[in-house]
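Open the structure in your viewer and keep the selection tool at hand. The tour below goes from one stop to the next.

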Amino acid sequence: MAGGKERVLRRRIGSVQNTKKITRAMELIAATRVVKAQQRARAAKPYAKQITAVIENLAAGGAEVDHPLLRQADKVERVGVVVISSDRGLAGPYNSAVIRAAERQVQNARSEGADYSLIVIGKKARDYFAFRNYTVDSYTDGISDNPTYEDARRVADTVASMFTDGRVDRVELVYTEFISIGSQKVTTRRFLPLESTETIAAEGGGEIGVSGSFEFEPSPEAVLAALLPRYVEARLFGALLESAASEHANRQRAMKAATDNAEELITKLSREMNRARQDAITTEIMEIVSGAEALGSDDKSDSQNDIEEPVAAGVEA
Amino acid sequence: MTFQVELVSPEAISYSGEAEMVIARTLEGGDIAFQPGHVPFIGVLAVWSVDVIRPDGNRDTIAVHQGFVQVVGTRVSVLSDVSESSADIDVERARVAKGNAEAALATDRDDTESAGALARAELRLRVAGAEA
C-alpha cells in the first residue's frame, strides 16, 4: 500500500532520466558532426566549381561530342533512381522524406510505362524497399555517415556503367539538400544523361574564363571524354556530402526534441510522485491520529496535545 | 609577374600559392611549362609530377595521379583526384606497391591495372626523392 505508487513513479523517472542522458549525448554528437560535415561539403565546392568551369570553357571552345554519358534515349524504357538515405535511424523525418520522394519517382516511371531500377545508398532505404518487394539493383551501405570521394566514385561508376550499357535510359538522383543547419530539403535532380555541355555551362556557378581561344591537349574531345566521368563523380560526391550534413542536422534536431520531452516528462512525473508521497504521509498521519484519538478517548485529555503538534508540523513540511 | 596556383582535389584545396612557373606533363603531349601570360589552356594530365617554381626560386614537387590543368589569365588550377606532396608520401608503402606491381606484370604483361599501379608507385618514389 504505502509508497507503492511512489516507488513505481520513482522507477519511471529514473528510466526517463537515463533516456534523456542518451538523447542528450546523441544530440551533442550530432551537433559536432553536422559542423564537420558542413565543412567537408564546403571544402568540396571548389572542385565541383572548377570542373564546371572547365566544361564551360570547353563549350565556349566549341567542343560538343558524342559521349555515352550524353546519350539521349528516344524512348525511356527504364529509369534509374539513386536514393541517398542513412544507415541509422533516430534522425526525425530525414529518411522517410527522402524515401517517399524516391518512391514517387518509381511511380512516375511506372505511369510513364517504364520500368525502374533502384540504386540505394543507406540501410534505411534498402529496408523500406526490400520490405515492400521492390527490386533493389544496387545497394551500398556504410558510406552515408561520412562519405569519401572513393565511395562516391564507386557508386558513380556503377550508375554510369548501367547508363552507358543501356540498362537504364535516365537516372534521377534523390537526396537531401543542405541549405542551412535549420533547413534541409529533399531534392530530385536529373543525374544522367548529362545535359549538353552548353547547358552545364549555362547553369554555371564556375568562374568565367577569358572567353575565346583555348588550347586543348590532347584535343577538346579527349579532354571532355576524360572530364565527364569526373563531373558525374563530383556531383554524386556533392550530393552525398550534403545528405550527410542533413542527416546529422536532422538527428540533432530530433534528439533535442527528445531531450526536451524527457525533461518535461520528468517534471510532470516528479510532481505526481511528490503528490503520491504526500498522500501516503497524510494517510499515515491520519491513521496515527485516529488511532491515538481512539486511545485518548479513554485517557486524559492533555495527551492529545503531545500528538497533534508534531502532526501539524509534519503536514506543513 | 606571378601566377596564382591552386591544386584542387574533390575533398579540399590541397595546395595554393604563388608561382613563377608551373611545369606539368600532359597526356600524349609531353612536358609543358606555363609562365604568366600563357595562352588559355586546358589539358589532361598524365600520372606525373607537377612542379611549382615559387617566386623565391624554390621548387615544390607534387605527385599528381591524373587530372586536368586549366590556365586562365594569371591562374593555374590543377584538378586531380589524388595529389601528394613529398611529405605525404609513404616511401615504404610505395616500394612495396612497386614490387607487387612488377611481380604482377611479370606474369601478365597486359595487366593495365598493375601497369597503372607501377606508374603511380614510381612517381611517388621519384617525388619523395627516394630511388627504388
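In which sense do strand β1 (residues 78–84) of chain A and strand β2 (residues 115–121) of chain A pair, and over how many bridges? The two strands pair in the parallel sense, over seven bridges. Two strands count as paired if DSSP finds at least two bridges between them.

Before moving on, note that this is a predicted model, in which local features need pLDDT of at least 70, side-chain atom pairs count only at pLDDT 80 or more, and totals for chains, interfaces and linings use all residues. Residues are numbered from 1 along each chain as its sequence is written, while chains are lettered from A and ligands numbered from 1 in the order in which they are written.

**The whole of chain A**

Select chain A. It has eight helices and six strands; helices (H or I, at least four residues) and strands (E, at least two) are DSSP runs, numbered from the N terminus. From the N terminus on, the order of elements is α-α-β-α-β-α-β-α-β-β-α-β-α-α. Of the 317 residues in chain A, 36% are buried. A residue is buried if 20 or more other C-beta atoms lie within 10 Å of its own, exposed if 12 or fewer, and partly exposed in between, with C-beta atoms placed from the backbone.

Select β4(A) and β5(A) next. They pair in the antiparallel sense over nine bridges, and a hairpin of two residues joins them. A:V174 stands opposite A:T188 in β5(A).

Then show α7 (220–296) of chain A.

**Helix α2**

Select residues 45–60 of chain A, which form helix α2. How far apart are its end C-alpha atoms? They are 22 Å apart, which agrees with the 22 Å that 16 residues should span at 1.5 Å a residue; the expected span is 1.5 Å times one less than the number of residues. Buried residues in α2(A) include A:Y47, A:I51, A:V54 and A:L58.

**Where chain A touches chain B**

Show both chains. The contact takes 24 residues from chain A and 23 residues from chain B, two residues being in contact if their C-beta atoms, placed from the backbone, lie within 7 Å. On the side of chain A, the elements giving two or more residues are α2, β6 (215–217) and α7. The most come from α2(A), with seven residues.

Now select β6(A) with strand β5 (residues 41–53) of chain B: the two pair in the parallel sense over three bridges. A:F216 stands opposite B:I42 in β5(B).

**Last stop**

Select A:R132, in the loop between α4 (123–131) and β3 of chain A. Is A:R132 buried or exposed? It counts as exposed because it has 8 C-beta neighbours inside 10 Å. A:R132 and A:S219 are 87 residues apart in sequence and 49 Å apart in space, C-alpha to C-alpha.
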